[in-house]
Amino acid sequence: MKKKVAVSLIGTQLDYVGKRVNRWTRWRPNVSLCSQKHLIIDELHILHDNHSQRLANNVAADIETIAPNTSICLHIVNFSNPWDFEEVYAKLFDWCQQQEFDTDTNDYLFHITTGTHVVQICSFLLTESRHFPGRLIQTSPDNSNENRSIGQAQIIDLDLSKYDQLASRFDIEHQEGKVFLKGGIETRNTAFNSLITQIEKVAIRSSDPILLMGPTGSGKSQLATRIYQLKKHRSMVTGQLVSVNCATLKGINAMAALFGHTKGAFTGAQTSRDGFLLTANNGVLFLDEIGELGLEEQAMLLHAIETKTFHPVGSDIPVGSNFQLITGTNRDLNLEVKLGTFREDLLARINLWTYQLPALKDRKEDIPANIDYEIELYAQKSGLRVQFNKEAKTTFVNFATSGQAIWSGNFRDLSSSITRLCTLASSSRISVDDVNDEIQRLKCIWRQKETSATRDTLVNYLASEQIDHLDHFDINQLGYVLSVCQKHSSMASAGRELFNVTRTLKTQTNDSSRLQKYLAKFGLKWADISSK
């Protein structure tokens, strides 16, 4: 059996009854603690200040009378102000740090009946955080007992997992948070569900910056909005959500839009403006496509994140704003740092919590649930209830989850597709013919996007007349090769990515030479690419 070791504070009011014989008829917390028949206290450590030395000695003497086997240790802990949280917690913390707790042989109890409410709360915090490695115990009078002075004791175990209702309540709250972040969609993708589970924890426990990465249309803006709404629901923010697409901010207008400006700060500034950062005070600022910001704006943003202050354009007086920052990007910011277009110190500051949102094509098991969600969303917006017939839905789901569906626009493509199907459906029923028409439409859209994107890459290096004389095969292959080359600082590193399999076989010449020869077929040199 482990020894029971209790820690308590002297109760200057409750423990004080004088030295008369009738004191044994009065309930006293520390005496009561050592009077319990079913709880034998082997050691009692009583904390008191200099002014309560005599009272502590009297209580110790009475305990020795009723519980001679209980070892009493008195400790002086002086509180200048027992209602000062900072002082009380610091001194109790220091006292705990000075003790040598042996949890293998001792069972520790912290008696929280005596002391101010501040002392009791600090005792709870130290026990819950395991700085005091035990449980709490509370004593109280027992009016049903003839010997009222003995009272009763109740142990409070802070292992919340043992309390089914509390544990289930926490589980329900976390589940509600995760469902909310997912928009109520029953997703099945394991990686995505794990990602949402962690984001839910971070959203309610942290106010540090969050970086959401992922391709266009993967849901970064929607997730940022739901993070804000979850924090708002939990009363963690009182301000508003300010969403900004950084791709729309250019030149002096970028500075003015973000940080505000004074009247007359520049031509056209006829009135002052608060700016997005100030508008987001005590709320959330979502900067989508943050990779589009200029270096000067990035420097000012970094300062604003770290100090919560900034200077509006045209002002020498700093302005404060306590906002939480959420950023979004479809770029590789580490690559942007290497290219010198994104500040390394800013990236280090915003990527404490970084989450890569998967593309829709990588979450095929979630597509049926998202189809149902988009159908319901259409009904809410239009007031019209439209449904697939059974065969039509099977046809569309089979296509949507197949390799033919590339979903290059991700959820935006899916949302647009469902909107078209619902709008064109006859008698509020989507037919197989409707689905087949939509499949052909999607394939055409994606084909045009691919061709356009590839041609946009080629026009940076070849004349339009040259491109017009290339086969579709060469256009697509060369476009891919050039897109890879653009990401690398040397021909060798680009070659390693392009020839990732054959280079391991050692049957070909070096990667740089192979890439150089391929580019030469089209009259291109590495210098043509690296100079862009």
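Me: How do you know that the span of helix 6 agrees with the number of its residues?

Reply: The model is a predicted one. Helix 6 covers residues 190–205, and at 1.5 Å a residue its 16 residues should span 22 Å. The C-alpha atoms at its ends are 23 Å apart, which agrees with that expectation.

Me: What makes Asn189 a cap of helix 6?

Reply: A side-chain oxygen of Asn189 lies 3.2 Å from the backbone nitrogen of Ala191. A polar contact requires such a pair to be within 3.5 Å, so the distance qualifies. Within helix 6, the buried residues are Phe192, Leu195, Ile196, Ile199, Glu200, Val202, Ala203 and Ile204.

Me: Why is Arg331 called partly exposed?

Reply: Its relative accessible area is 28%. Buried means under 20% and exposed means over 50%, so Arg331 falls in between and is called partly exposed.

Me: Where is Arg331 placed, and which residues does Arg331 contact beyond its neighbours within four places in sequence?

Reply: Arg331 sits in the loop between strand 12 (324–329) and helix 11. Beyond those neighbours, Arg331 is in contact with Met213, Gly291, Glu292 and Glu336.

Me: What makes the pairing of Arg331 and Glu292 a polar contact?

Reply: Their side chains are joined at 3.0 Å. The cut-off for such a pair of N or O atoms is 3.5 Å, so the value meets it.

Me: Which residues of the largest nonpolar core touch the most other members?

Reply: They are Leu277, Leu285, Leu287, Leu301, Phe342 and Ile350, out of 31 residues in that core. Several elements supply at least two residues each, including strand 8 (241–245), strand 9 (284–288) and helix 10 (295–307). Helix 8 gives the most, with five residues. Another core, of 26 residues, lies apart from this one and has Phe388, Phe399, Leu442 and Trp446 among its members.

Me: Which helix gives the most to the lining of the second largest pocket?

Reply: Helix 7 does, with five residues. The lining comprises 22 residues, of which Ile185, Gly219, Gln222, Arg226 and Phe411 lie nearest the centre of the pocket. Helix 6, helix 13 (367–382) and helix 15 (411–424) are among the elements that give two or more residues to this lining. The volume of the pocket is about 420 Å³.

Technical notes:
Residues are numbered from 1 along each chain as its sequence is written. This is a predicted model: local features need pLDDT of at least 70, side-chain atom pairs count only at pLDDT 80 or more; totals for chains, interfaces and linings use all residues. Side-chain values use heavy atoms; hydrogens and water are left out. A nonpolar core is a set of buried Ala, Val, Leu, Ile, Met, Phe, Trp, Tyr and Cys residues joined through side-chain atoms within 4.5 Å. Buried means under 20% relative accessible area, exposed over 50%, partly exposed in between (1.4 Å probe, protein chains only). Helices (H or I, at least four residues) and strands (E, at least two) are DSSP runs, numbered from the N terminus. The expected span of a helix is 1.5 Å times one less than its number of residues. A polar contact is a pair of N or O atoms within 3.5 Å; within protein, one must be able to donate a hydrogen and the other to accept it, and residues adjacent in sequence count only if both atoms are side-chain atoms. On a 1 Å grid over the protein atoms alone, a cavity is a set of points where a 1.4 Å probe fits but cannot get out, and a pocket is an open set with protein on both sides within 12 Å along at least five of seven lines; lining residues have an atom within 4 Å of a point. Grid points are joined across faces, edges and corners, and a volume is the space filled by probe spheres set on the points. Contact means heavy atoms within 4.5 Å.
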